[in-house]
Amino acid sequence: MANINEQERYRKERKKRLAKEAKKAGKKTAKVDGTSVIVKIVAVLLAVTVVCGLGYLYGSSFGIPNRLLPVIKVGKNVVTVPEYVFYFDQQYSQYAQYAQTYGDFIGLNTKISPFDQKSPYTDEDEKPMTWDAYLDNQSKSQMTDLLILSQEAEKAGIKPSEDDKVEIDGELAQQRETANLSGLSLSAYLRVTLLPGITEHKFRSFLERDAVVRIFQEKKQEEFRGNHTDAELQKDYDDNPSEYNIVSLRAFAFQKTPVDAQDETETDEQIKVRQGAADAETKKKAEAMLAAVKDEASFLAQAREAKNEENYDAANDTAVFRKSKADLASYGEDAAKWLFAAERKAGEATVVENETTFYVLYLVRTQYPATTVNYYAYSFPYPTASDGSSTPSDADKANTKKSADAFLAKWKEAGATADAFVQLVKETAGESAPEDGGLKEKVRAGGTGEGDKVETWVFADERKAGDAAALESASGYAVILYSKTNTDDFVWKTDLMDKKVSDDFTAYLEELRAKPEYKVKSYDFARKRALKEAKKKTDEMVQQALSSGAY
């Protein structure tokens, strides 16, 4: 389940955008949810349309029979072939985007049809699944749960609120504006980009259904939240604090040198012996560095000497701050065991290894419970290069830094207060200024989204209210004003509660799925036809993306 703070932040950002769209449609305000299933589907597919062009969505026509064929029936509701394909495409689009972000880790090759490659997942019998089979299962599961919850919400008498209706008006206004850019009416645009035969009325019904499901989920989650006490959470934490705490350390890597066969006659055992000898030499280098480490300063000095590269930033490159056991998994299981041992003391160092690397670790801070922080941020992104390149020139970097420094200086002249920061943000950004002046609340480690340098500065142990700096960020420069440390807002407490509520909701959903009234009836003939249509569309999507250079 998504972190509540992240949901709230998403709500605020999206609320402003939709409010503007609603205003264009004659409305005053817009309330926004943060976990809209249908809105996510629409956003993903429309984003793919922008990248690939409208052409790939024109590739197949369902025809009247397909629009009437039910693929699955849950309770009194059915999903027809076009809607099933719609959900299948949404699943594929999401995984394709993940693959572009995380690479081979996802296991999906976006240059090949999902119907022609194995996935990293297995079925109930532990047999490998192809990607199309996995996406088919995911689509069916998602639709089944959505239909069950929508019927439960209807039983509970839940309706979209007035604010939800305004939000939907804003969503439709935004899609209408996009349709106009393509020279299409909204209904025509929706038929092209989403489902043949879809109308504005049907699209609105999707959004309204999503709204009632969201409201129902939130009500149930709040109900489950009330079932767990602070004492219960505290006991869970006290029973195993290292599972929830974090540590800060520095790490320097000595990569092992792979040994290949010298000729065809060399046996695996001989190669293994030579690999062991090579690893022993690499380990000696790590141990030599360890022997010279007396404190943090000497660790950094040794790292610079071992790296032997001009302009090597040892302080930034070796920083592994505010990490949990799970975060440290890539260092090998011995790393977390050593770092989180009860007897560990700050300033201690060791050598650990995984399959490819020896690491010299230096413990900066022993395990402790993480809390959240509040700060203000105003960003100065690098301009887009004239040649379309995402890499800024040295001049662009210098000018962007100059703008950030000027903002910081002007803020100091205005009194160096939080109110002065908010006012300056409004003056600088104009209509696009965030309502709260860039205030970020209850941010946890790893959640700034501004890059390592901002992250390190914000969460430094010495940070105090009123501190401010202009820092290089992930996309330019950011001026940060530190507000406060939320000393009572423990991350472990939020995570434990979220997990318990998530587990409760999952158990509740399992109970609903087991009810006879929600027995899923699958129509294999229609499902095969839906998968055939889905293959056409995903194949066209792959080809269009390849030709456009998107993948």
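This is a predicted model: local features need pLDDT of at least 70, side-chain atom pairs count only at pLDDT 80 or more; totals for chains, interfaces and linings use all residues.
I started at arginine 444, whose side chain makes a polar contact with the side chain of aspartate 495 at 2.9 Å. (A polar contact is a pair of N or O atoms within 3.5 Å; within protein, one must be able to donate a hydrogen and the other to accept it, and residues adjacent in sequence count only if both atoms are side-chain atoms.)

Residues are numbered from 1 along each chain as its sequence is written, and side-chain values use heavy atoms, with hydrogens and water left out.

Is arginine 444 buried or exposed? I get 17% relative accessibility, so arginine 444 counts as buried (under 20% relative accessible area; exposed is over 50%, partly exposed in between, with a 1.4 Å probe and protein chains only). I found arginine 444 in the loop between strand S10 (439-443) and helix H16 (452-458). (Helices, H or I with at least four residues, and strands, E with at least two, are DSSP runs numbered from the N terminus.)

Next I looked at the sheet. It is open, has 4 strands in the order S10-S9-S12-S11, and pairs antiparallel (two strands pair if DSSP finds at least two bridges between them). S10 and strand S11 (468-472) are the edge strands, each pairing on one side only. Direction ignored, neighbouring strands of this sheet are turned by 35° against each other on average. (Axes are lines fitted to C-alpha atoms, for helices over the stretch in contact, and angles run from 0 to 180 degrees between N-to-C directions.)

S9 (residues 371-381) and S10 are joined by 3 bridges; tyrosine 375 has lysine 440 in S10 as its bridge partner. Helix H14 (residues 394-413) packs on the sheet and touches S9, S11 and strand S12 (476-490) (contact means heavy atoms within 4.5 Å). Helix H15 (residues 418-429) also packs there, touching S9 and S12, at about 30° to the direction of S9.

Last, I checked a helix pair. The axes of H9 (residues 230-239) and H17 (residues 491-514) come within 10 Å and cross at roughly 110°, which means H9 is roughly perpendicular to H17 (65 to 115 degrees; under 35 is roughly parallel, over 145 roughly antiparallel, the rest oblique). Leu233 and Tyr237 of H9 are among the contact residues, as are Trp492 and Leu496 of H17.
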